[in-house]
Amino acid sequence: MTVPRPLPATDRDTEAFWKGGGEGKLLIERCNACHYLIHPPTGFCPQCESRDTAPHAVSGRGVVTSCTVNHKQWMPDLPVPYVLALVSLEEQDDVRLATNIVDCDPESVFIGMKVTVRFEQSQDLWVPLFAPETAA
Ligand SMILES: [Zn+2]
């Protein structure tokens, strides 16, 4: 299933996040000083105020912390229903990615569900989406 979506504008800070999928990696910005994961990437660590940050490959595993099934067909070719979710990363649970849960029955998604990342290429970006761990 492909959900058409507006593509994000990328800049120096966010480029790694949107392109890491090309190498199968979920790249989250990390502070080199205290190893805090920063998302969305800003080039600045809110924990220790360092600007020494770099993209870091995480496991791609996480947990659904919020989910909504969207039934409304906003665009003619939009497949519905689909799941809008926040996924909290295994490495640091305050890193929450706004994403879609795919490769499963939308009604089966629940808060606390374990999911793993997969990437959907869209032009020169790879959009991180998540699917149930058991479907990996
Ligand atoms: Zn830091």
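This is a predicted model: local features need pLDDT of at least 70, side-chain atom pairs count only at pLDDT 80 or more; totals for chains, interfaces and linings use all residues.
Let's start with the zinc ion. Which residues hold it? The protein donors are Cys-31, Cys-34, Cys-45 and Cys-48, each through its SG atom, and they lie 2.3 Å from the zinc ion. If you follow the chain, these donors have the spacing C-x2-C-x10-C-x2-C. What is the arrangement around the metal? The angles between the four donor atoms run from 104 to 115°, so the arrangement is tetrahedral. For reference, the ideal angle for four tetrahedral donors is 109.5 degrees.

Now look at two of those donors, Cys-34 and Cys-45. Cys-34 sits in the loop between strand E1, residues 26–31, and strand E2, residues 37–38. Cys-45 sits in the loop between E2 and strand E3, residues 53–58. The two are 11 residues apart, and the pair links distant parts of the chain. Are they buried or exposed? Cys-34 counts as partly exposed, because its relative accessibility is 36%. Cys-45 has a relative accessible area of 0%, so it is buried.

E1, E2 and E3 form an open sheet in the order E2-E1-E3, with antiparallel pairing. E2 and E3 are the edge strands, each pairing on one side only. Between E1 and E2 there are two bridges, and Glu-29 has Ile-38 in E2 as its bridge partner.

Please remember Glu-29, as we meet it again in the second largest pocket. That pocket has a volume of about 170 Å³. Of its 13 lining residues, the closest to the centre are Arg-12, Asp-13, Glu-29, Thr-53 and Pro-55. Where does the lining come from? Helix H1, residues 15–19, supplies at least two residues, and so do E1 and E3. By class, the lining has seven nonpolar, two polar and four charged residues.

How many bridges join E4 to strand E5, residues 82–89? There are eight, and the two strands run antiparallel.

Note on methods
Residues are numbered from 1 along each chain as its sequence is written. Side-chain values use heavy atoms; hydrogens and water are left out. Donors are N, O and S atoms within 2.8 Å of the metal (3.2 Å for Na, K and Ca); water is not among the atoms, so sites may look incomplete. Four donors count as tetrahedral if all angles lie between 85 and 135 degrees; four count as square planar and six as octahedral if opposite donors are over 155 degrees apart and all others between 65 and 115; anything else is irregular. Helices (H or I, at least four residues) and strands (E, at least two) are DSSP runs, numbered from the N terminus. Buried means under 20% relative accessible area, exposed over 50%, partly exposed in between (1.4 Å probe, protein chains only). Two strands pair if DSSP finds at least two bridges between them. On a 1 Å grid over the protein atoms alone, a cavity is a set of points where a 1.4 Å probe fits but cannot get out, and a pocket is an open set with protein on both sides within 12 Å along at least five of seven lines; lining residues have an atom within 4 Å of a point. Grid points are joined across faces, edges and corners, and a volume is the space filled by probe spheres set on the points. Ala, Val, Leu, Ile, Met, Phe, Trp, Tyr, Cys and Pro count as nonpolar, Asp, Glu, Lys and Arg as charged, and the others, Gly among them, as polar.
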